[in-house]
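Welcome! Take a look at it first, then read on.

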Amino acid sequence: MGDSLDADVKADEAASHEELAATYDAYTRIKERHGVVDFGDQIALTLKLLRDHAAAAARLRSRFRYILVDEFQDTNDAQFELLRLLAEPHRNITVVGDDDQSIFAWRGGTLRNFERFREAYPDHRTVPLVDNRRSPQGLLDAAYRLISKNPDRLESALGIDKRLRGRPSSDEIADVDHIQKVSGAEEAEAVADFIANETVRRQRRYGDFAILVRNNADATGFLHALAQRQIPTHFSGGGQLYERPEIRLLLSFLSAVALPSDSRHVYNLAVSSLYAFPADDLARAMEGSGRRQKPLREVFDEIARGALPASEAAVAAATALCADLEDYAARATELTSAALLYEFLDRSKLLARYLDPDSALVEEQGRNVAKFLRLVQSAGRALATDHASFFVPHLELLREAGDDPVAADFEASRDQVNVLSVHKAKGLEFGVVFLVHATDERLPGQARLDAFRLPDGLGRMPAPDREHHIAEERRLAYVAMTRAKDVFYFTSAIDYGFQRPSRPSRFIGEALGREPSRMSGPLRVIQELQRFQRPPGQADAPLPALGPDDVLTVSYEAIDDYQRCALLYRFKHVLQIPVLPTPQMTYGLALHEAVRDFLRRKREGESPTLAELQSVFRAAWLAEGFISPAHESERFQAGLDSLRRFFEDERMRPAPELVEQRFSFMIGNDRVVGRWDRVDRAADGSVVIDYKAGADEEGSGRAQRAANESLQLRLYALAHERVYRERPVRAVLHFLESGERGSVMPTDDSLGAVRALVTATATRIRAREFAANPKGLRTCQQCPYHQICPSSLTAPTAGAVAVAVPT
């Protein structure tokens, strides 16, 4: 009987593996048929290239003479193999990692790579980095006591001392402590009270506090408690993008336009603040819709015509909703899905609210809306016809297939209490940190099995077991503790509304060096009931401004945009509102892609042909945004002619020293980033060259005038001086369409003026000075946001809001 059962289990597993293999094979063939790759292919295909194509491997290796890898503990097998192949034959590779912070085994991160590195490079040198400038010594000692319980640590394997050295501890308060309450509600209340008191007693900002959770669901009680005290919060687990209220409204709008009989989405629009359909009338309308088997849209039409009894407010709401949907349905046949959304946001006044938010919460909503618009724009390009009637079914297919993007990326807030998972806290730091719901049932909790387990012969990760799971969770607690700059608290309760009382996490005793006291009390039904309460509304906060000690990252483009108009900077760099492609964008990007590929190949010793140069241009060309087919054809031919002129000019020039090289340097607390198109090594020194796609008549002298006025050339020259400690002898603007060049010689005065301008601009950005201040009508005419900007000088009347109709 036992042998028969075992055979049945093995047969079932074999069938499951065959099904999984067939699915993966079909998925691979679909990708090949459509000429696309997924995220994992980026590593797998690069590995295949390095293994199977010696010439290509040699070119790649020559580009990376020195390799530095950070967060090495989070790398997987394929990534290590890629690094090993890239580092041959020079073997100039440095990896920085901490095995005690390896918390991403669930996505392939493996500690085995430390051992593989030692085997691949037996002559390596190990340098322990033990100076810690973040945390007090008492906290670091507690974290060390905790992590020392893990087996097979590098400290033992290498015979090194990894105990961190921090700053002296304070005598006023313990660096690490445990807060324990009877119920989960009391635990949340205690944390909220502590934060409220500390902001008064020690004048801490709300952003100095972080509440770390193992699971996002654990945050609900703490969000409630903070909201009741009007303490603003910034929650990283606020749901996936499509679940955000502001995005659900946009999804309902598109669906109500494209699918008028879909009552769910018409209902969502009706109950929104835009139409505010009275609740009792809406309930009767829904009842009538179900009883008569009529779509809700048709019932609203009847209410609007007076064919059904309803209140005056209901008639007004139904009339407005039906009229809007009818109008938008007509517009949907003319506009792309993204353009239709723009128009809805503008006409509903939502856009004006997002463009000029009065709080951090509204700005976060604006970021989510901007991200959704970018996704709609990108997805629409995959359709033969990008109109709502075709886009909505396409989006539904994407969602059914698992497309579920996260909301706007989490950035630690200075003016709100940060509530986030421990995994998302990696790399961040806060003054006071709470690791809440720290019970044995949650941390370490139970190991979760993989949804798809590979056959034993294929899987490279060790089979999951209890010991490995506890070690990983202990590392997670260690990461949580070392996020704190001043004080760290474990918090727990015994009653979370479950049948059995919860126990304090074993990690608390390991860190404190003593067993925490065990509280007892009757389990109360209220805890279970509270799990079903309505999610808390967020307490809001004023818009945050960067302090003088915070690092602000700027680029030439950001500085130039701010100088042209501060509101343009906000639209583009803060809210990141997408714009539809323009002819200039398409033309310039395609030219730059072709030139970049040509110069890189030339730098690597190749001799690319004119046909190859123009082939890259053709591949990068997008037939979007042009006035007419004739206009597109004219610009396309102009691009080919420009590249022919560029190719002939390059015959007499040596290979560049740098191509598309990124740079980053600091001016005070302002980080300046960018990318040099090209740097040459001339007999008298370095020459920085920036390519422009714009047209200049030959001999017009405009290229030199542009160079004389160019902030970009001087900023890029300053970057070269700061990065390489060598001032370029010249900085050059090269106009590709005419072949004209203009150059300047950087001087102390010109570079000093650039530094002063960067600092002054960054100061105003830090203060959130984003009021519209365009240089003139031409600035507004050229601005990609002029159709939606309430302050645009191109608006037909002062203060009017233009309807956005991108084409």
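A residue counts as buried when its relative accessible area is under 20%. By that cut-off D561 is buried, because its relative accessible area is 2%. Please keep in mind that this is a predicted model.

**Salt bridges**
- D561 pairs with K572 through their side chains, at 3.2 Å from N to O.
- D561 sits in helix α23 (residues 556-564) and K572 in helix α24 (residues 566-574), so this pair ties together parts 11 residues apart in sequence.
- K572 is partly exposed, at 29% relative accessible area.
- R229 and E189 also form a salt bridge, with their closest N and O atoms 2.3 Å apart.
- This pair links distant parts of the chain, 40 residues apart: R229 is in the loop between α9 and β7 (233-235), and E189 is in helix α8 (residues 184-201).
- Within helix α4 (residues 77-86), R84 and E81 are three residues apart, which means about one helical turn separates them.
- The side chains of R84 and E81 meet at 2.6 Å, N to O, and both belong to a salt-bridge network that also includes R51, D77, R112 and R116.

**Helix packing**
- The axes of helix α10 (residues 245-258) and helix α15 (residues 337-347) come within 11 Å and cross at roughly 115 degrees.
- That makes the two helices, α10 and α15, roughly perpendicular.

**Surface and interior**
- L68, V96, V127 and L129 form a nonpolar surface patch with about 410 Å² of accessible area together.
- F222, in helix α9 (residues 220-228), is buried at 4% relative accessible area.

Conventions: Residues numbered from 1 in each chain as written. Predicted model: local features only at pLDDT ≥ 70, side-chain atom pairs only at ≥ 80, totals over all residues. Heavy atoms only, no water. Patch = residues over 30% accessible without salt bridge, like charges linked within 9 Å, V, L, I, M, F, W, Y side chains within 5 Å. Areas by Shrake-Rupley, 256 points an atom, 1.4 Å probe, with all protein chains shown as cover. Salt bridge = Lys/Arg side-chain N within 4 Å of Asp/Glu carboxyl O. Axes fitted to C-alpha atoms, helices over the stretch in contact; angles between N-to-C directions. Helix = DSSP H or I, 4+ residues; strand = E, 2+ residues; numbered from the N terminus. Parallel < 35°, antiparallel > 145°, perpendicular 65-115°, else oblique. Buried < 20%, exposed > 50% of the residue type's maximum accessible area, 1.4 Å probe, protein only.
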